[in-house]
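Please keep the structure open while reading.

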Amino acid sequence: MGVTEISEYVIVGDVKGAGEWTRKALGEGMDALTIVNKGLIPGMDVVGEKFKNFEYYLPEMLISARVMKAAMALINPLLAGLEGVNVGKAVIGTVQGDIHDIGKNLVGMMLGGAGFEVIDLGTDVAADAYLKAVEESGAQLLCLSALLTTTMTEMGTVIKLLDDAGIKQNVKTMVGGAPVTQRFASEIGADGFATDAGSAVDEAKTLLSIAAS
Amino acid sequence: MAAMSHRERVVKALNHEEPDRVPIAVDNINAGAYINLVKHLGVDEELQRPELNDQSDPSKTLILGPTLLERFDVDVRPLNTRPLESVHEQIDAMSYRDGWGVVWSRSEKGPYMNKQGPFQGRKITLADLDRHPWPDPNKPGRYEGLRERARKMHEETDYAIMGHVGPSSVGPCQRLRGFTEWMEDLALEPALAEGLLEHVTEVVVACARAILQEVGDYLDVVRFADDLGFQDRAYFRPEMFRRQVKPYLGRMVEAIKSNTRAKVLMHSDGSIYHLLPDLIDIGVEAINPVQTTAKNMEAARLKAEFGDHLGFWGAIDTQHTLPFGTPDEVRDEVRSKIRELGPSGGFILGSCHEIQREVPPENVVAMYDSAIEFGKYQQTAAV
């Protein structure tokens, strides 16, 4: 079985086929991380390209993401047990007042696929919930998402809260979402910024000084 | 020569003839922006409106009051009915259930309402859809007084009457099933997506039919709404739209056309350029709000490629110019849109979304006043 076969399942959004393939591949001893790095993530990269090129629209993107999620559900238990795999903990969420989550979910999936333990707080999350989650988990990374110009200002509130609590220097903050720009990120004191799920992983690794794979 | 009535002006424009000036649409305006406008113009009587009593919802909109509608010489008046999406059962101070069974709740900080549908976030079957208590648009008393209201507007005013008949099929499907779930169904479980479309279409068509059987002969334009696009693309590939969604929207247009001679206006936000040939094909005669800053939706392009078949209702940029521009920039925007969309009629001017909270009152005034100033058609000389 070639690992690139799973990429095809991701690209066409075949959830059932991907599940069957993943079980078989793991059963035959294929390395879990290889499936993620050489199979799933390249598949999602192609999906991302097709979306950028207006070949894929929302239904196609969503079902590819479903395949990714289904395959990762089978793989995650194996990754957690591996030493050195866990590159860090990331708390992610959409800010208070905002319920958009597609981008955030993709970032979470990509970070998980890259070896992070992802703590997803969901959407419409109040600033103090982020503070609590970062403190309790010892996460090295906090990722905030917003899709509205009216809610993105919440990101500044969260970062200020971390600062007031004296823990801002212990966690790298990263922001993203359609209205978010590098300039806005710098203004609010975020450590990093990314325009899409793929770049988010690169940025996360850069922030935590993890070598790119 | 007698001055043209408001109604004649709009009807001519919708018939792709040049009236005396570009007609002006009746837009929704955010309550906060409206209060600023009223204070700016010193029209204090408009602050007494009952719609302004409850100011707890920052996203609340309304239309201008009678004094301002006259001040700006707005040509259209809406005929509203109580939509199925309105409060059916109040759950608590921040949330309610609507006629479809969708729960709407307000977040403490956000400007929009969250929705949770009865089929959302879980696995469902066609039998689940059959079992659902679908709303009955023909419930006795639902349209009490509507015909008389419409008759008065038609016979006692000279405004163009726009009847709202509600959403077509896509919006309710998304709210009932979940936005992402229904998109996934279209790709992965088409029978389920279409089962839901079928149930929903039966309801929206019955609703449109019932309203128009009451008032169809008093209306000049009928508006139905269904957002089909984002900033840079439609929700679906045109091929998927054509195969799986278009027939259901077609039934809505057909129901409207069989019950009125009024023109059919479809509202859809976003980049819907690639869907326009199909919308024309099912009988849509004008589109609103014409979000020209969305991809492929440039005014000149739309007019050149679709101006023979479609009227354009809206078009004044409300993503950048209206909220953040100067009054002079607003005037330039109005002038250029009139130049691009006005020739041969087919243009009814308005903002390309509701007039949002940040829009300064000077810009609202600039939009309406320059619409009059630049909107006159040359009757004898070439344009």
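In this predicted model, helix α1 (residues 4-12) of chain A packs against helix α3 (residues 32-52) of chain A at an angle of about 35°, and their axes are 8 Å apart. The crossing of α1(A) and α3(A) is right-handed.

**Helix pair in chain A**

- On the α1(A) side, the contact is made by Thr4(A), Ile6(A), Ser7(A), Val10(A) and Ile11(A).
- On the α3(A) side, the residues taking part are Ile35(A), Gly39(A), Leu40(A), Pro42(A), Gly43(A), Met44(A), Val46(A) and Val47(A).
- Sorted by class, the contact of α1(A) with α3(A) has nine nonpolar and four polar residues, and no charged ones.

**Domains of chain A**

- Chain A is divided into domain 1 (4-81) and domain 2 (88-207).
- The C-alpha centres of domain 1 of chain A and domain 2 of chain A are 24 Å apart.
- Eleven residues of domain 1 of chain A are in contact with eight residues of domain 2 of chain A.
- On the side of domain 1 of chain A that touches domain 2 of chain A, α3 and α4 (58-81) of chain A each supply at least two residues.
- The largest share of that side, six residues, comes from α4(A).
- The residues of that side of domain 1 of chain A divide into seven nonpolar, two polar and two charged.

**Domains of chain B**

- Chain B is divided into domain 1 (1-79 + 289-383) and domain 2 (120-286).
- Between domain 1 of chain B and domain 2 of chain B, the C-alpha centres lie 24 Å apart.
- The contact joins 23 residues of domain 1 of chain B to 30 residues of domain 2 of chain B.
- The elements that give two or more residues to the side of domain 1 of chain B that touches domain 2 of chain B are α1 (6-14), β3 (76-79) and β12 (311-316) of chain B.
- α1(B) gives the most to that side, with five residues.
- By class, the residues of that side of domain 1 of chain B are 13 nonpolar, six polar and four charged.

**Contact between the chains**

- 17 residues of chain B are in contact with 18 residues of chain A.
- Helix α7 (residues 179-188) of chain B gives the most to the side of chain B that touches chain A, with six residues.
- The residues of the side of chain B that touches chain A divide into nine nonpolar, four polar and four charged.
- Nine of the ten residues of α7(B) are buried, so this helix is largely enclosed by the rest of the structure.
- The buried residues of α7(B) are Phe179(B), Thr180(B), Glu181(B), Trp182(B), Met183(B), Glu184(B), Asp185(B), Leu186(B) and Ala187(B).

**Nonpolar core**

- In soluble globular proteins, nonpolar side chains tend to be buried together.
- The largest nonpolar core here has 173 residues.
- The residues with the most contacts inside this core are Val10(A), Ala90(A), Met155(A), Ala208(B), Val222(B), Ile256(B) and Phe312(B).
- Helix α8 (residues 190-215) of chain B contributes the largest share of this core, 14 residues.
- Leaving aside its neighbours within four places in sequence, Val222(B) is in contact with Gly163(B), Val165(B), Leu212(B), Ile256(B), Thr260(B), Ala262(B), Val264(B) and Leu265(B).
- Val10(A), listed among the core residues with the most contacts, also belongs to the contact of α1(A) with α3(A).

Notes:
Residues are numbered from 1 along each chain as its sequence is written. Chains are lettered from A and ligands numbered from 1 in the order in which they are written. This is a predicted model: local features need pLDDT of at least 70, side-chain atom pairs count only at pLDDT 80 or more; totals for chains, interfaces and linings use all residues. A nonpolar core is a set of buried Ala, Val, Leu, Ile, Met, Phe, Trp, Tyr and Cys residues joined through C-beta atoms within 7 Å. A residue is buried if 20 or more other C-beta atoms lie within 10 Å of its own, exposed if 12 or fewer, and partly exposed in between; C-beta atoms are placed from the backbone. Helices (H or I, at least four residues) and strands (E, at least two) are DSSP runs, numbered from the N terminus. Two residues are in contact if their C-beta atoms, placed from the backbone, lie within 7 Å. Axes are lines fitted to C-alpha atoms, for helices over the stretch in contact, and angles run from 0 to 180 degrees between N-to-C directions. A crossing is left-handed if the near helix is turned anticlockwise from the far one by less than a right angle, and right-handed if clockwise. Ala, Val, Leu, Ile, Met, Phe, Trp, Tyr, Cys and Pro count as nonpolar, Asp, Glu, Lys and Arg as charged, and the others, Gly among them, as polar. Domain bounds come from an automatic or database domain assignment.
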